[in-house]
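Hi,

Here is the structure I promised to pass on. Have a look at it first, then read my notes below.

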Amino acid sequence: MKHWMFQEEHEIFRKAVRRFVDKEISPHIERWEQEGQVPRSLFKRCGELGYLGIKYPEEYGGMGSDFIMETVFVEELMNCGSGGVSASIGGHVGIASTPIWRFGNEEQKRKYLIPSVKGEMVAALGITEPYAGSDVASIQSTAKKQEEYYILNGTKTFITNGANADYVVVAAKTRERPVHENISLFIVETDWEGFSIGKKLQKLGWRGSDTAELFFENVKIPKENLLGKENEGFKYLMENFQWERLTLALSSIALAEKALEEAMKYSKERIQFGKPIRQFQVLRHKMVDMAVDIEKARYITYRAIYNYNKGENVITEATMAKAYAGEMGSRVCDEAVQIHGGNGYMMEFPVQRYWRDARIQAIGGGTTEIMKEILVKQLDI
């Protein structure tokens, strides 16, 4: 349904993205899911159409639009029905290249952002480590300054686009103390000596995206690849998290909508006891509850995006959106599987993929439990 946040230009753009997704992405989903990644040609194609630079200024090859326009893209991309495909493209444009736009200098934007917008370079964000997930302050990777270089050592895991990235925006400690003021961000090219990729990780869901372990052994980072100011990386990551969490909330909502659509369609076709199962009140009410749950998540998320687009700090609203939408997606997709009965457990029915893809939404980008701890502080409870 149309929402007041979207204007005519947004709806025109939505139709264009939907045509692209229907024609050039959806037909290939099953193959990409089996291959465990999307082809680099998809990044290139998205770049040609301007989809990788929606919010970026025209001087860097972007559309010069805003976060509401990118919201449309995130929603329509997830309509392909694969959370993995959405994660790969979304990870590149939503969380990995964004810090360069926000905190990078002119030279870095010319060298990395412009080719990223064109889809000529693929980006990844390297934060999570084997012993540091939601607790970003506990990362152990270090970058020690030595004359004209920083020497990077450490390990990253669960990195989206990790196997195919041309560069990774890496978080590393540049001093021991004080906590929250000892992390810096670096742009690390993946062909540098000392960089290596571990095993490609096999996942329950998001199978259409490559996810990998990354290793850094005495990687020499030129000082000009420091992103922003030294020791301010934690602050940069927290700022970046707001949009990441909002896009994750959007993805949860779009995925839940796909699941509800499949459940409604199936309930009209499946005959039991001589009639379509949609005629059973318990299932009709179940689908109503699913629809209401989706709308609650949508309202919270859209409100946060609208204010974020105005330049407001929406840490509370974005955290609420991420927490609620992430859990909602799992609930709705689980109910959709239940409505399908035994068929919902069969791989040929797409609802099983929605269910698998939805589960990570309450984990990635900060677990629901961490979101609640953030809200405890924000609400002064």
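**What I found**

Helices and strands here are DSSP runs (helices are H or I with at least four residues, strands are E with at least two), numbered from the N terminus.

Before going further, a word on where this comes from. This is a predicted model, in which local features need pLDDT of at least 70 and side-chain atom pairs count only at pLDDT 80 or more, while totals for chains, interfaces and linings use all residues. Residues are numbered from 1 along each chain as its sequence is written, and side-chain values use heavy atoms, with hydrogens and water left out.

**Strand E5 and its neighbours**

E5 and E8 (residues 226-227) pair in the antiparallel sense over two bridges; strands count as paired if DSSP finds at least two bridges between them. E5 also pairs with strand E4 (residues 167-173), again antiparallel, over seven bridges. One example is Val-170, whose bridge partner in E5 is Phe-186.

Why is E5 described as largely enclosed by the rest of the structure? Seven of the seven residues of E5 (residues 183-189) are buried, so that is how it comes out. Buried means under 20% relative accessible area, exposed means over 50%, and partly exposed is in between (1.4 Å probe, protein chains only). In a regular strand, side chains alternate between the two faces of the sheet. In E5, Ile-183, Leu-185, Ile-187 and Glu-189 point one way, and Ser-184, Phe-186 and Val-188 point the other way.

**The cores**

A nonpolar core is a set of buried Ala, Val, Leu, Ile, Met, Phe, Trp, Tyr and Cys residues joined through side-chain atoms within 4.5 Å. The largest one has 94 residues, and Ile-25, Leu-42 and Leu-246 have the most contacts inside it. Helix H8 (residues 233-269) gives the most to this core, with 16 residues. There is also a second, separate core of 18 residues, which includes Ile-159, Ala-165, Leu-214 and Leu-226.

Which residues does Leu-42 touch, leaving out those up to four places away in sequence? They are Phe-20, Ile-25, Trp-32, Val-85 and Ile-89, where contact means heavy atoms within 4.5 Å.

**Aromatic rings**

Rings of Phe, Tyr and Trp (its six-membered ring) pair if their centres lie within 6.5 Å; planes under 30 degrees apart are stacked, over 60 edge-to-face, and the rest tilted. That rule gives 16 aromatic pairs. Trp-4 and Tyr-306 form an edge-to-face pair, 4.9 Å centre to centre with 75° between the planes. This pair links distant parts of the chain: Trp-4 is in the segment before helix H1 (8-24) and Tyr-306 is in helix H9 (residues 281-309), 302 residues apart. Phe-6 and Tyr-302 have ring centres 5.4 Å apart and planes at 90°, so they are edge-to-face too. Phe-6 is buried, with a relative accessible area of 4%, and Tyr-302 is buried with 4%, whereas Tyr-306 is partly exposed at 32%.

**The whole chain**

The chain has twelve helices and ten strands, and 56% of its 381 residues count as buried. Its C-alpha trace spans about 80 × 50 × 40 Å along the principal axes.

Cheers
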